[in-house]
Amino acid sequence: QVQLVESGGGLVQPGGSLRLSCAASRNIESINVMAWYRQAPGKQRELVADIAIGGRTNYASSVVGRFTISRDNAKDTVYLQMNSLKPEDTAVYSCNARLYSGGVWFLEWGQGTQVTVSS
């Protein structure tokens with residue numbers, strides 16, 4: 001349905017910022033929900049933020065006020081701006097697309113990008 005490629009991860013000091021990008025292989029305008037998840041070592045994968053077609057956003061309580069998700073339909077790209085990063089934000093961040101078609105939900109995942117917050 002759609003291939004997703006994340007970029008922008010890396011090593012950053014506490015209090016720093018990073019912007020993750022998720023480039024899609026097709027137009028994302030009709031994809032119902034685009035989301036970012038993360039998984040830290042030894043922990044379950046958790047939803048970080050998602051954004052629906054109409055622009056409605058949803059955030060995990062731990063990132064509210066620090067992270068911002070956005071989608072640029074013209075560039076087929078979803079972004080996650082991460083500010084005031086903390087060591088507990090360290091994880092592999094993955095992009096997710098949820099498409100509803102023909103009565104079925106289709107889920108696609110990117111390969112993930114590592115974010116490490118450390119001094």
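# Close-up views of a predicted model

**View 1. Strands β2 and β11 run side by side.** Strand β2 (residues 10-12) pairs with β11 in the parallel sense, over three bridges. Strands here are DSSP runs (E, at least two residues), numbered from the N terminus, and two of them pair if DSSP finds at least two bridges between them. Look for Val12, whose bridge partner in β11 is Val117. A word on the model: it is predicted, so local features need pLDDT of at least 70 and side-chain atom pairs pLDDT 80 or more, while totals for chains, interfaces and linings use all residues. Residues are numbered from 1 along each chain as its sequence is written, and side-chain values use heavy atoms, with hydrogens and water left out.

**View 2. Strand β11 has two faces.** In a regular strand the side chains alternate between the two faces of the sheet. Buried means under 20% relative accessible area, exposed means over 50%, and partly exposed is in between (1.4 Å probe, protein chains only). β11 is also joined to β9 by three bridges, and these two strands run antiparallel. Here Gln114 of β11 stands opposite Val92.

**View 3. A disulfide joins Cys22 to Cys95.** The rule is a pair of cysteine sulfur atoms within 2.5 Å, and it gives a count of one disulfide. The S to S distance in this one is 2.1 Å. The torsion about the S-S bond is about -80°, so the disulfide is left-handed. Cys22 sits in strand β3 (residues 18-24) and Cys95 in strand β9 (residues 91-101), so the pair ties together parts 73 residues apart in sequence. Cys22 counts as buried at 1% relative accessibility, and Cys95 counts as buried at 0%.

**View 4. Two aromatic pairs turn up in a search of the whole structure.** Rings of Phe, Tyr and Trp (its six-membered ring) pair if their centres lie within 6.5 Å; planes under 30 degrees apart count as stacked, over 60 as edge-to-face and the rest as tilted. Tyr37 and Trp109 make an edge-to-face pair, 5.0 Å centre to centre with 65° between the planes. Tyr37 belongs to strand β4 (residues 33-39) and Trp109 to strand β10 (residues 104-109), so this pair ties together parts 72 residues apart in sequence. Tyr37 counts as buried at 16% relative accessibility, whereas Trp109 is partly exposed at 31%. Tyr100 and Trp105 have ring centres 5.0 Å apart and planes at 55°, so their pair is tilted.

**View 5. Strand β1 has one covered face and one uncovered face.** In β1 (residues 4-7), Leu4 and Glu6 make up the covered face, and Val5 and Ser7 the uncovered one. Four bridges join β1 to β3, and the two run antiparallel. Ser7 has Ser21 as its bridge partner in β3.

**View 6. The largest pocket has a lining of 13 residues.** Arg38, Ala40, Lys43, Glu46 and Glu88 lie nearest its centre. By class, the lining has two nonpolar, four polar and seven charged residues. The volume of this pocket is about 160 Å³. For the method, a pocket is an open set of points on a 1 Å grid over the protein atoms alone, where a 1.4 Å probe fits, with protein on both sides within 12 Å along at least five of seven lines; lining residues have an atom within 4 Å of a point.

Key: Grid points are joined across faces, edges and corners, and a volume is the space filled by probe spheres set on the points. Ala, Val, Leu, Ile, Met, Phe, Trp, Tyr, Cys and Pro count as nonpolar, Asp, Glu, Lys and Arg as charged, and the others, Gly among them, as polar.
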